[in-house]
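Please keep the viewer open as you read.

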Amino acid sequence: RTGSLGLASARGRAADGLFRTAVWDEGDVSKLGGLVASVLKGWKGVDEETVTVADWSGHGGSKTYKISAEGADPPTVALHSRCEEVASDPISEPRMQAAARLLAQSGLAPRRLAEGGDWFIEPWE
């Protein structure tokens, strides 16, 4: 299983494939740290050699990765990659986004630090 921040959004960049996590479904997780560094201010300039990625996924179709790096803020994040079936649902994802926002505002869940078409990042808590 090893291998001051504002909300960032990379939805506009999904067309080039960089911010779509589907490319990692086949086990190539080497670019996940780069995704995190590209959207979180506290990860800018992080040495790629210090990035660790661990797959903490359950048995569903979506994936959860624990990504850590020395000198990053926050030092560890959760990257949730949604499966195509869930990500393409016109009702489910917007409902999940709204629920996540409300729960975070109430202090009942971690807030999303960044999100894209089929992924979102939260602090690892």
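## About the model

This is a predicted model, in which local features need pLDDT of at least 70, side-chain atom pairs count only at pLDDT 80 or more, and totals for chains, interfaces and linings use all residues. Residues are numbered from 1 along each chain as its sequence is written, and side-chain values use heavy atoms, with hydrogens and water left out.

## Overall layout

The protein has three helices and six strands. Starting at the N terminus, the order of elements is β-α-β-β-β-α-α-β-β. Helices (H or I, at least four residues) and strands (E, at least two) are DSSP runs, numbered from the N terminus.

Of the 125 residues, 41% count as buried. Here buried means under 20% relative accessible area, exposed over 50%, and partly exposed in between (1.4 Å probe, protein chains only). The protein exposes about 7,400 Å², with 52% of that supplied by carbon and sulfur atoms. These areas come from the Shrake-Rupley method with a 1.4 Å probe, and for residues only the protein chains shown count as cover.

## A negative patch and a loop residue

On the surface, Asp47, Glu48, Glu49 and Glu70 gather in a patch of negative charge. Such patches are made of residues with over 30% relative accessible area and no salt bridge, with like charges joined within 9 Å and nonpolar side chains (Val, Leu, Ile, Met, Phe, Trp, Tyr) within 5 Å. Lys and Arg count as positive and Asp and Glu as negative, while His and the chain ends are not counted. The place of a charge is taken as NZ of Lys, CZ of Arg, CG of Asp or CD of Glu. Glu48 sits in the loop between α1 (32-39) and β2 (52-55), and Glu48 counts as exposed because its relative accessible area is 68%.

Val29 lies in the loop between β1 (8-9) and α1. With 22% relative accessibility, Val29 is partly exposed. The C-alpha atoms of Val29 and Thr52 are 9.9 Å apart, although 23 residues separate the two along the chain.

## Contacts around Ser57 and Asp55

Ser57 belongs to the loop between β2 and β3 (63-68), and its relative accessible area of 16% makes Ser57 buried. Its side chain makes a polar contact of 2.5 Å with the side chain of Asp55. A polar contact is a pair of N or O atoms within 3.5 Å; within protein, one must be able to donate a hydrogen and the other to accept it, and residues adjacent in sequence count only if both atoms are side-chain atoms. The Ser57 side chain also reaches the backbone nitrogen of Thr64 at 2.9 Å.

Asp55 has a salt bridge too: its partner is Lys63, with the closest N and O atoms 3.7 Å apart. Asp55 is partly exposed at 27% relative accessibility, and Lys63 is partly exposed at 25%.

## The salt bridges

How many salt bridges does a search of the whole structure find? The search finds three, where a salt bridge is a side-chain nitrogen of Lys or Arg within 4 Å of a carboxyl oxygen of Asp or Glu. In one of them, Arg82 meets Glu93 at 3.1 Å, N to O. This pair links distant parts of the chain, 11 residues apart: Arg82 is in the loop between β4 (76-81) and α2 (84-87), and Glu93 is in helix α3 (residues 92-105). Both Arg82 and Glu93 are buried.

Glu115 pairs with Arg112, their closest N and O atoms being 3.1 Å apart. Glu115 is buried at 5% relative accessibility, and Arg112 is buried at 12%.
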